[in-house]
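Subject: Structure for your review

Dear colleague,

Please find the structure below, together with its sequence. My notes on what was found follow it.

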Amino acid sequence: MNLAARLRSPSIAAILCLAAAIVVAIVALIFFSRRTANRLAYRDSFASGNAAEWIAFGGTWQIANGTMRNDSDERGAKLITGSSDWRDYSFAADVELLGEQGDAGLVLRSSDEEAGVDSYSGYYVGLRGNDGNLVIGRADHGWIELATRSMPRGVHAFQWYHLKALVHECEITAYANEIPDGPAQTLSFNDRHCLTGGRIGLRSHSSGGVWKNLVVLPLSVAYPQSTPSGPYPAPASLPYAVDEPVTVSQRGAESPLTRRPAPGGETASEEAASIESPKPVESIGGLRAVRTKDRLATVRGTVILNSPRIYVQDATGGVAIMPHTETNLKVGDEVEVTGEVDVHDFSYVIRNAKIRLLWAHAPAPPLAVTATQAATGAFDSRFIEVDGSLAGITSEEDNRLLLSLTSNGQSFSAIVNPTRGNQSLRHITKRSVLRLRGVCVVDPEFTRNVTPFVLILASSDEVELLGGPPWWSLRNLVVIGLVMVTLCLLAYLLYLHARHWRLRAIVDERERIAHEMHDTLAQCFVGIGFQLQAIGNSVPSTLPNINRQLDLACDLVRHSHEEATRSLSSLRREFLESETLQSALHSFANKMVVNGAVRVKLNAAGEDSATPYAVKDALFRIGQEAISNALRHGDPTLLQVAIEYAATTVTMVIEDNGSGFEQTGDLGGFGLTGIRKRAEAISATFSLFTGLGQGTRVQVVAPLPPKLAWLKAHRYFWRDAWGGVSNGKGTQQNPYSYRR
Amino acid sequence: MIESLSAQEPHRRPFSLAGRAFDLRQTCAANRPAGRDGLADTVSRPSQRVEGDKNKLPQGWKTACLAAAVLLGGCRMASKPVIAVIPRTTALVLWEAEHAGAEAAARKAGYTIYWNAPTSEDDVESQIAIVKRAIENGAQGLVLAPDQPLALMVPIRNFMARGIPIVVIGSPLSIPAGGKLSYILNDEDETGRTAARRIGLILHGHGSVAVLGIDPNVTGIVLRTDAFEEYLQAEFPNLTIADERTGGFNIAQAQEVTEDVMARNPHVDAILALNSSATRGAFIALQHKGLLGKVKLVACEQELIPPLVTGEIDSIIVENTYEMGYRAIEQIAAERRGEAVPAEMKLSPKLVTRENLNTPEVQQMLTMNWSGSK
């Protein structure tokens, strides 16, 4: 059947239609799910601690008290979410700057984001502390300041502002006011070659920031065009030329969160005095050298973690800090710490610490170590990077996640502060390989003496997935085993089908030969008979010898014609397709004993529902041979034909009460060779029971193929695997098996 | 005045995210026959078939040919090769001038610029990652201002082995020029001598000076320090160096160091700030102590331009990063054309005072208008 004909087949066409429908359904599902996911309307879920949809580009973004917080002074730190399909919308949020000299705000219509100061394409609406301006700018992997306007009271750190930005076609409008009811400022800019769509984001520059109450709404209705401040107003100032850093005096004097140590804390004049007569500063690693209890020491270092405990490190080591009063240091801050040193075996803590902020800086890079190195305690309180295989994840109190990891025979834990990405961490598969960056802590308060060390991670951004679990997990091995077994069964079923197709082809060919012989050989016999009869009619009766020879020749031709007809009819498929095996054998036996004294008895049990034609044909011919042998050689008075159909076998027994015969070594005679070959062809078991004066019993047990019996296929598989696909090793003991 | 950013034509869309755009161009480039104009070749073949037997060409083929022509035409239009320009950091006057120069040259030469850098000048790890990503995404050339001379050696050698033309600007690496690597450097000796001459001039050859911001990680700064010391000693023997301090790219730290220096040397007459961070730190420290203008501040690397106008900063020795960016792109374009380029070139710095601030030459060196608008 060619391809076109196959395609015209109703069943194949139906399968193709079904497959096409499934594909269309899947595509539609993906499309609609994506549209649903990208629907333009957004409210943050920071209050519930969920912000997995945000992607960070720099900064130290954490959820704290229902707000999103970036404690880093990194320039151009971004947090992005939303869809590139978002076009016209409003984006409102409450914003607080954590430094006087930086800026913080909202990103709109963003795309192509990368880590870097202005490494995105989009608009930025923000509040800038160093010049007190509300600013609209555009980043195209480089900054272009579009418009600025002074806030009525300037822009101050630790003051909440309500900031709202709208992008409608090519107009960008900004609105800001002090919370709760301070003076407001608006600003608008018409960008002639505008960006038409993109994601939203939060961004800060040279200052930390806090954001809350984020709302994004579509501008679906006709948007009232605000009057632009000019066709293309010149920017009010250069964006970077007048930036100043976060300094000691600025943050110390103006920030209520980064105070000098309160009781007995230094004032500005004291600080100046301290410059002139600097205190002796020790290296952090040197703290271990002196074990005097509660001695005072001063160290300088970089803040590497600020929650749940402050850790500071320098080039020689790290130390935990327990401040005298509440502080709000940022990761990366350079500080000078004075306090009582509490030395333990592997770690030390500075208690009642007075902290002086020296300057702000970007967070320090981690030190890459192995888990074994970290387990020695040599890296206690230091910011390190360790690889490990995930063994489990559990939730701790305060929504912290506890990751259990192993690496090179070492086990350790990682505590992840509650941040926006913790939900996604929960979906990491066990035995995945992770790279973690955090502060190494050997303090039993954290390790609980279960693991040699614990990593405290500032956020989920400090977890990097290096690779999934290895493929040889138990689950995968079971799946692979099941797949292999299924494939073996399928292969075996295919083999059975192939064998069936082969037998079918043999039968078809034999039938074709029968038709050919009928049309040629049988017709020739008829012709020869006619010719002999014609010769006989013309031969005078005076030639008796010739007439007798002609009569003999006619008889031989007639006999040969009958034999040929009988043989041809037995070759044809219709012979057995029109009747059952037992009735065919019964008819054959009755024809053989017609006008004789032999009685034929038929026993049939079971229902012939699935016997293939090849099996039936082979059994019929074996039965023919057995019946013929019994009648020719056994001289019986009773011939019994029995057929029994079971679930997986069909059994045929031809038995007579004749003379039987003595078993000898060679059983090639009596037509047994042909019987044996036919039995082999259908994987049947052939048994012969006979003896002098005991009659003869021929039994053939043929297996039925596993047609429509998938659940039983394994029986045939194992039977054939151990017993071979040929007959001769039946389960029943056969004392006269000719295959001995 | 410094040329301010104009909004007349503020938006020239630069090269966007590296990966996507590079991939598209690579795909298009792969579709073009080598050495020929892909559009002409590809379109001519189907059109010849059409002329041969127009009636037999099915309508579907015509549509497919048209679509292919449009597609390949689009590819050709978007197939400007990309040059990665990676400064030490971005969003500072020093490096945005390079951005402006590189963009101007790229527009002229038919290239697209990929512009990105770490957020801090001492983040060499990020700079290596950015450079690698840019090259892996198909950049045809690299202009690099290295954050550190040693850590970038191996990556640069690897890129050289791949035949990528590289121009290092600003401060040199520890690799000799040659092959695909060339240098366009600031003349650090001249910077040192200029600083010494200026301080000698404003102090009339007598007094003391503090040198801040010596960064051993930046070869150029070490060279300019050496030149300054030698020239000062030779030409102004009555000028003494009261203090010399190292410092990186941390403004607050530089402020702290300046305050410390001033506390220890209260009679310092002038400060030489060797980099932009030292300049800002020194400026803020002097501002807090009320010493602006009294202690002469001579700065290297352009930063804090407004105080120059008011006289709070005496002078700035400006690196010509605009010209570095411009010439670097020209050199890479020339190398890709198979032309010889100079292995090393040094550009003279410019002493900028309030008197010459508004000259066109200085304005170009201080521009942050990378977008090409007027």
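How many bridges join strand S9 (residues 296–300) of chain B to strand S10 (residues 315–318) of chain B, and do these strands run parallel or antiparallel? Three bridges join S9(B) to S10(B), and the two strands run parallel. Within this pair, Val298(B) stands opposite Ser315(B) of S10(B). Please bear in mind throughout that this is a predicted model.

The sheet in chain B

S9(B) and S10(B) belong to an open sheet of six strands in chain B, ordered S7-S6-S8-S9-S10-S12, with mixed pairing. Its edges are strand S7 (239–246) and strand S12 (350–352) of chain B, each of which pairs on one side only. Neighbouring strands of the sheet are turned against each other by 20° on average, direction ignored. Helix H9 (residues 251–264) of chain B packs on this sheet, where it touches strand S6 (207–214) and S7 of chain B. The direction of H9(B) makes about 155° with that of S6(B).

Arg224(B) and its surroundings

Arg224(B) lies in helix H8 (residues 219–235) of chain B. Is this arginine, Arg224(B), buried or exposed? Arg224(B) counts as buried because 31 C-beta neighbours lie inside 10 Å, and the cut-off for a buried residue is 20 or more. Leaving aside residues up to four places away in sequence, Arg224(B) touches Glu188(B), Thr191(B), Gly192(B), Leu274(B) and Cys300(B). Arg224(B) and Cys300(B) are 76 residues apart along the chain, yet their C-alpha atoms are separated by 9.5 Å.

The nonpolar cores

In soluble globular proteins, nonpolar side chains tend to be buried together. The largest nonpolar core of this model has 214 residues. The members that touch the most others are Ile83(B), Ala84(B), Leu212(B), Ile271(B), Leu272(B) and Ile329(B). Helix H4 (residues 93–109) of chain B gives the largest share of this core, nine residues. As for Ile329(B), its contacts beyond four places in sequence are Ile83(B), Ala102(B), Ala105(B), Ala106(B), Ala109(B), Tyr111(B) and Val143(B). There is also a second, separate core of 30 residues, which includes Ala618(A), Val641(A), Ile643(A) and Ala702(A).

Chain A and its strand S8

Chain A contains 14 helices and 32 strands. Of its 740 residues, 38% are buried. Among the contacts in chain A with a separation of 6 or more, 68% are between residues 24 or more positions apart.

Why is strand S8 (residues 121–128) of chain A described as largely enclosed by the rest of the structure? Eight of the eight residues of S8(A) are buried, so the strand is largely enclosed. In a regular strand the side chains alternate between the two faces of the sheet. In S8(A), Ser121(A), Tyr123(A), Val125(A) and Leu127(A) point one way, while Gly122(A), Tyr124(A), Gly126(A) and Arg128(A) point the other way, and all are buried.

S8(A) pairs in the antiparallel sense with strand S7 (residues 103–111) of chain A over seven bridges, and Gly126(A) in S8(A) is the bridge partner of Gly105(A). S8(A) also pairs in the antiparallel sense with strand S9 (residues 133–140) of chain A, over eight bridges. In that pair, Ser121(A) has Asp140(A) in S9(A) as its bridge partner. The hairpin of S8(A) and S9(A) has four residues between the strands, and Gly132(A) there takes a positive phi near 65°.

Backbone points to check

Most residues other than glycine have a negative phi, and most peptide bonds are trans. Several places in this model depart from that pattern.

- Ile179(A) and Pro180(A) are joined by a cis peptide bond with omega about 10°; Pro180(A) lies in the loop between strand S12 (171–178) and strand S13 (184–190) of chain A.
- Ser307(A) and Pro308(A) are joined by a cis peptide bond with omega about 0°; Pro308(A) lies in the loop between strand S16 (295–305) and strand S17 (310–314) of chain A.
- Ser206(A) has a positive phi near 60° and sits in the loop between strand S14 (199–205) and strand S15 (209–218) of chain A. Ser206(A) is buried, with 27 other C-beta atoms within 10 Å.
- His204(B), also not a glycine, has a positive phi of about 55° and is in the loop between helix H7 (188–202) and S6 of chain B. His204(B) counts as exposed, with 10 C-beta neighbours inside 10 Å.

With kind regards

Conventions:
Residues numbered from 1 in each chain as written. Chains lettered and ligands numbered in written order. Predicted model: local features only at pLDDT ≥ 70, side-chain atom pairs only at ≥ 80, totals over all residues. Pairing = 2+ DSSP bridges. Axes fitted to C-alpha atoms, helices over the stretch in contact; angles between N-to-C directions. Contact = placed C-beta atoms within 7 Å. Buried ≥ 20, exposed ≤ 12 C-beta atoms within 10 Å, placed from the backbone. Core = buried A, V, L, I, M, F, W, Y, C linked by C-beta atoms within 7 Å.
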